Amino acid sequence: MAEQNNNDGNAFGYIPTLWITALFVGLFFLTTVVHIGQALYYKIWWLIPTFAFCGLGEVLGWAGRLWGSQQPYVLDPFLMQICCTIFSPTFLTAGMFFIFGRIIGLVGPEYSRLRPKTYAITFLSLDMAALIVQAVGGSQASAAETLEGANRGAKVMVGGIILQMVAITLYVLIQAEYLVRVFKDKPIHPRPAPATAMATLSPPAGDGGARTPNTYVGESDAEKLQPKATLAIAPVTGRQRVTKNIGLMLLGLVIATVFIYVRSIYRTIELLDGWNGPIITNETLFNVLDGMQILLAMVTLNVLHPGWLVPLTKAEAPQTTV
């Protein structure tokens with residue numbers, strides 16, 4: 001992007017505030033280190049290429065803004081921050097899709113329109129497609145020789161952000177329908193057949209221990225004298241499987257989704273407005289509606305973390321009750 005978005009040669013349209021950029025670099029670094037530590041501690045390795053990659057990308061993006069605060073007339077800091085801060089949240093949403101797919105498997109796939117594996121493949125594919133489109137747009141904008149060409153690249157990047165918003169919107173709708181069906185106990189697919197158990201009933205008082213027709217091969221005489229009954233074990237409903245911890249994990253996903261959605265709306269309007277529009281050249285809007293939103297989403301998932309909230313195996317979740 002040889003031609004800058006501002007006549008004075010400052011691609012930002014302002015000089016980024018030093019202490020604010022340094023603060024965001026430090027805060028993103030801290031939450032990223034915590035996410036890496038949590039991934040290693042709980043041995044949830046897919047958190048590295050999702051939550052941790054998002055944090056690392058944000059650190060690089062805000063480092064670019066920190067660099068730009070010292071050299072606002074150099075183009076590279078601007079390109080570094082614009083690309084990294086646009087791409088990075090894609091990795092965060094990928095991790096959130098993984099978590100909700102895990103919750104579906106624990107609470108009950110029968111309430112979901114998509115099986116957990118199909119759910120993961122569908123939304124991760126949309127997420128990766130959004131990342132690729134944003135990368136293509138970023139490359140076009142960076143290589144453009146004119147402001148018009150850079151704006152065309154920005155619009156391609158907007159397409160990637162909109163695709164990401166579509167994925168998040170579908171995710172929210174499917175999540176909402178799933179939770180409604182769980183709490184109203186209205187499964188879409190057939191519920192697994194309930195288990196059965198044998199129970200020994202004491203003989204009625206005064207029968208003299210008479211032998212009954214309910215006898216079984218291989219039993220002792222004493223056991224044969226006891227009448228038997230087959231008891232059906234009622235299946236646990238999805239609502240009963242939503243433990244306190246799973247409920248907290250769902251709350252964390254909802255909060256993080258709101259932050260990411262606000263940020264996506266802002267970035268869409270920002271880039272549609274062009275490189276020299278009043279939105280992209282407003283530092284306060286960027287700090288609050290981009291940096292703060294992603295930081296809060298990451299911190300929320302530090303606190304409400306799948307490592308301690310979501311059971312690692314289905315055996316840890318309640319299965320049946322009599």
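User: How far apart are the end C-alpha atoms of residues 286–304, and what is the helix content of that span?
Analyst: The end C-alpha atoms lie 26 Å apart, and the span is 95% helix and 0% strand, where helices are DSSP runs of H or I of at least four residues and strands are E runs of at least two, numbered from the N terminus. This is a predicted model, in which local features need pLDDT of at least 70 and side-chain atom pairs count only at pLDDT 80 or more, while totals for chains, interfaces and linings use all residues. Residues are numbered from 1 along each chain as its sequence is written, and side-chain values use heavy atoms, leaving out hydrogens and water.

User: And residues 12–37, what do you get there?
Analyst: For residues 12–37 the end C-alpha atoms lie 35 Å apart, with 77% helix and 0% strand.

User: Switching topic, how do α2 and α3 run relative to each other?
Analyst: The axes of α2 and α3 (residues 75–87) come within 8 Å and cross at roughly 155°, the axes being lines fitted to C-alpha atoms over the stretch in contact, with angles from 0 to 180 degrees between N-to-C directions. The two helices are therefore roughly antiparallel, a label for angles over 145 degrees.

User: Which residues of α3 make the contact?
Analyst: On α3 they are D76, P77, M80, Q81, C84 and T85, and on α2 they include G57, G61, G64 and G68, with contact meaning heavy atoms within 4.5 Å.

User: What does L92 touch?
Analyst: Leaving aside residues up to four places away in sequence, L92 touches T50, F51, C54, I260, A297, M298 and L301.

Notes. Parallel < 35°, antiparallel > 145°, perpendicular 65-115°, else oblique.
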